[in-house]
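Welcome! Take a moment with the view below, then read on.

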Amino acid sequence: MELSELKTMLQIKDNKRDDILNLIIKNTTQALSFKLGLKAGVSIPDVLDYIALEVSVKRYNRLANEGMSSYTQEGQSITFSANDFDEFANDIDAWKDENGVKDNNSGRFLFI
């Protein structure tokens with residue numbers, strides 16, 4: 001995902017917020033890469049790049065409201081998802097299935 005794409009989605013025309021936008025992009029792409037089971041240095045597949053963009057928009061819009069599950073002001077109410085990637089879980093799982101990526105969610109213990 002490119003900074004210019006995120007700025008277009010957010011209708012930002014200046015460069016004043018580039019530092020925070022770049023950090024959001026970095027953190028979002030790292031989180032998505034982890035969820036996809038990608039090894040370090042492997043890029044997010046182009047077909048899933050939209051997930052990084054959509055989640056970055058969500059994260060930007062939540063600035064100053066981090067940690068809140070909902071926010072109300074003057075009759076307007078906003079509710080935040082517990083996990084920004086929840087609505088994309090099916091797409092992530094489908095990609096992993098198609099590409100033979102196995103979940104390592106089932107931990108193993110060794111008792112000595």
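## A term to start with

A residue is called buried when its relative accessible area is under 20%, exposed when over 50%, and partly exposed in between. Keep in mind as you read that this is a predicted model.

## The chain as a whole

The protein chain holds four helices and two strands. Starting at the N terminus, their order is α-α-α-β-β-α. Of the 112 residues in the chain, 29% are buried. The accessible surface comes to about 8,300 Å², and carbon and sulfur atoms account for 48% of that.

Sequence distance is also worth a look. Taking the contacts between residues at least 6 apart in sequence, 60% join residues at least 24 apart.

## Two helices that meet

Two packed helices are described by the angle between their axes and the distance between the axes. Helix α2 covers residues 18-36 and helix α4 covers residues 89-98; their axes come within 10 Å and cross at roughly 50 degrees. That angle makes α2 oblique to α4.

Which residues meet here? From α2 there are Leu32, Lys35 and Leu36, and from α4 there are Ile92, Trp95 and Lys96. Sorted by kind, the residues of this contact are four nonpolar, no polar and two charged.

## A pair of rings

Rings of Phe, Tyr and Trp pair if their centres lie within 6.5 Å, and the count for this model is one aromatic pair. The partners are tyrosine 50 and phenylalanine 88: their ring centres are 6.0 Å apart and their planes stand at 75 degrees, so the pair is edge-to-face.

Tyrosine 50 belongs to helix α3 (residues 49-61), while phenylalanine 88 sits in the loop between β2 (76-79) and α4, so the pair ties together parts that are 38 residues apart in sequence. Tyrosine 50, at 34% relative accessibility, counts as partly exposed.

## A buried residue in a loop

Isoleucine 44 lies in the loop between α2 and α3. With 13% relative accessibility, isoleucine 44 counts as buried.

What does isoleucine 44 contact, once its neighbours within four places in sequence are set aside? The residues in contact with isoleucine 44 are Thr29, Leu32, Ser33, Leu36, Leu38 and Asp49. As for leucine 32, isoleucine 44 is 12 residues away in sequence and 7.7 Å away in space, C-alpha to C-alpha. Leu32 and Leu36 also take part in the meeting of α2 with α4.

Definitions and conventions:
Residues numbered from 1 in each chain as written. Predicted model: local features only at pLDDT ≥ 70, side-chain atom pairs only at ≥ 80, totals over all residues. Heavy atoms only, no water. Buried < 20%, exposed > 50% of the residue type's maximum accessible area, 1.4 Å probe, protein only. Contact = heavy atoms within 4.5 Å. Areas by Shrake-Rupley, 256 points an atom, 1.4 Å probe, with all protein chains shown as cover. Axes fitted to C-alpha atoms, helices over the stretch in contact; angles between N-to-C directions. Parallel < 35°, antiparallel > 145°, perpendicular 65-115°, else oblique. Nonpolar A, V, L, I, M, F, W, Y, C, P; charged D, E, K, R; others polar. Phe/Tyr/Trp six-rings, centres within 6.5 Å; stacked < 30°, edge-to-face > 60°.
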